[in-house]
Amino acid sequence: MKFNNCWSYTIFFLLPCFCSAQSFVGAGKAVDPYQLNIVKEQQYSSGAVVSAHPIASRVGAEVLKMGGNAIDAGIATQLALAVVYPGAGNIGGGGFLVAKMKGAKAIALDYRETAPGKSGRDMYLDANGRAQTDLSQNGHLASGVPGTVAGLFASMKWAKLPFKTLIAPAILLAENGFCLTAGEAEKLNDRAGSFKKYNTVLPVFVQKRWKKGDTLFQKDLAKTLRRISDKGSAGFYEGETARLIVAEMQRGKGVITLNDLKSYRAKERPALIFNYKGHEVITMPPPSSGGVLLMQMLKMVEKRPLAGYGFQTAKSVQLMTEVERRAYADRAEHLGDPDFWKVPVSTITSDRYLAKRMLDYDSTKAGSSAAIGAGTVESLETTHISIMDRWGNMVSITTTLNGTFGSKTVVGGAGFLLNNEMDDFSLKPGVPNMYGAVGGEANAIAPRKRMLSSMSPTILLKNGEPYVVVGTPGGTTIPTSVFQTIINLVDFKMSPADAVNKPKFHHQWLPDELQVEEGFSPEVRKTLEQMGYTVKTYGVTGYASTIGRVELILYDKGKLVAVGDYRGDDSVSGY
Ligand code: DON
């Protein structure tokens, strides 16, 4: 759709001057920032990108068309999302990238935020030892040291195109503006109160009441992106941007220092790799809990006749729920940043251990978790990007500010939002975070430690060949959403679109309740209640009631089938 109230420009992709004139690509039909054409499913022959926003997916696809590989497209798409999807796309947050480049070893890159040097395990407890979740969720003290920009530069190791080419579309989108979708306009309006409350300099987001088709300009963000383009990682972690971040911290009683920023490093970790029914699953190890949980859950169902039980029958949902309960109980006890806590990954994913975990499984009634108060459910937003290119390279990236718009604090003069990732630590044993997840010592706060995540960027190979790239946002529901999408494809043999769009359900040990999406069968719900489950419809009034927003690409007989979740503005692009 073209919006008449917007002036128009087109982003041409321009390689630096040492390249020939042929390097201009897509002239006249490259990315149009006023074209909000959401495409949910499409087949491509050469390359595909799925992300939370149609403009960002187009940016990634254009990079593929001009000869970039899936890593190049991943970098450009993340940067574009930081502009057009400020609720979760970011440079002030962190993320994980899992990739399998043709013929090479799997890659797992960790650019999760870290606790600032001046943080401490009790920093969010008041004098009476009560957890102050407003401080871990909103405003300056909620932010971990951002990792995204370090992650982008660490990914350049596998890129083909110059960084300046990959960041150029984001700079133009920030400087010259882009049209808001209805959903994005509404989200900005909803948060106007928070933006006023948690900022020392009013951000552009509160300029007006937004409506679909309005143009959002982000001039300060454009300047920050230009500094990154000119100076590389130092354009963010040092110099003017770092100075602006620290000045913002000082105005708002935050604790991130110049030294915290300068010493931040992204880390390559050994990818977590296992087999599920003949598929090689490649996923993220700690400090995300996502890969370990995914492996535990898939292994606990692998030898049981799930397909025979049928999709979302009481029998299959009950089994998967009990598996989820056990995996999430382990998460609370055993998982944390492996640089600070000995995470027993091989033990808790071993066949022996998992078989033992299921010994007390009873298929006739609900299991039980110890009772504990539920956490408040906030609006949730992270974002996932799935990419495959013409060479068979596969990239899966999940990146986040944590809650929607993170801490809601925009760095004055630098135009980007900071994360509220500190809330992913366990503030105190037994105190639930904003996803209702509890934890203990393994995930206690310590300076420079990475907070435990659930993000699960994942890749599947079949007979050693590319098969699936998958991932989703959704806080603690991420591992269950990826688990259920894989089960839908492998066990229930669903089409890619059904595997993504069918209703989901979620159990995370505590609170001891089964959460189901609207659309989940009322009869199955009733049967499960009769078995002793407390079943709740997912979400709270006024917020989204959906579980995850899965972005999937499946390679089948020479075709790339790309699917963006129906649950948002998610959109596919490719060629
Ligand atoms: O790392 C994590 O697990 C969370 N910070 C992710 C947050 C999230 O997925 C919110 N999205 N819907």
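Mentor: Start with the elements that supply the shell. Here strand 10 gives the largest share of the shell around the ligand, three residues. Keep in mind that this is a predicted model.

Trainee: Which strands each supply at least two residues of the shell?

Mentor: Strand 10, residues 380-388, and strand 11, residues 394-403.

Trainee: Which residues come nearest to the ligand?

Mentor: The shell has 16 residues, and T382, E421, D424, S453 and G475 come nearest. Sort the shell by type next. Five of its residues are nonpolar, seven are polar and four are charged.

Trainee: How do I look for polar contacts?

Mentor: Look for pairs of N or O atoms within 3.5 Å. Take E421: a polar atom of its side chain is 2.6 Å from a nitrogen atom of the ligand. In S453, a side-chain N or O atom lies 2.7 Å from an oxygen atom of the ligand.

Trainee: What part of G474 lies 2.9 Å from a nitrogen atom of the ligand?

Mentor: A backbone N or O atom. Now consider cover. On its own, the ligand has 340 Å² of accessible area, and the protein covers 98% of that.

Trainee: How do I find empty space inside a protein?

Mentor: Rolling a probe the size of a water molecule over the atoms shows where empty space is left. In this model, five cavities of 30 Å³ or more are counted.

Trainee: What is the volume of the largest cavity?

Mentor: About 120 Å³. Its lining has 17 residues, and N402, D424, Y435, S454 and G475 are the closest to its centre. The lining of the largest cavity holds five nonpolar, eight polar and four charged residues.

Trainee: How much space lies in the second largest cavity?

Mentor: About 100 Å³. There, 17 residues form the lining, and those closest to the centre are S426, A437, V438, G439 and N443.

Trainee: How do the residues of that lining divide?

Mentor: In the second largest cavity, ten lining residues are nonpolar, five are polar and two are charged.

Terms used. Residues numbered from 1 in each chain as written. Predicted model: local features only at pLDDT ≥ 70, side-chain atom pairs only at ≥ 80, totals over all residues. Heavy atoms only, no water. Near = heavy atom within 4 Å. Polar contact = N/O pair within 3.5 Å; in protein donor to acceptor, adjacent residues only side chain to side chain. Areas by Shrake-Rupley, 256 points an atom, 1.4 Å probe, with all protein chains shown as cover. Helix = DSSP H or I, 4+ residues; strand = E, 2+ residues; numbered from the N terminus. Nonpolar A, V, L, I, M, F, W, Y, C, P; charged D, E, K, R; others polar. 1 Å grid on protein atoms, 1.4 Å probe; cavity = no way out; pocket = protein on both sides within 12 Å on 5 of 7 lines; lining within 4 Å. Points joined across faces, edges and corners; volume = space filled by probe spheres on them.
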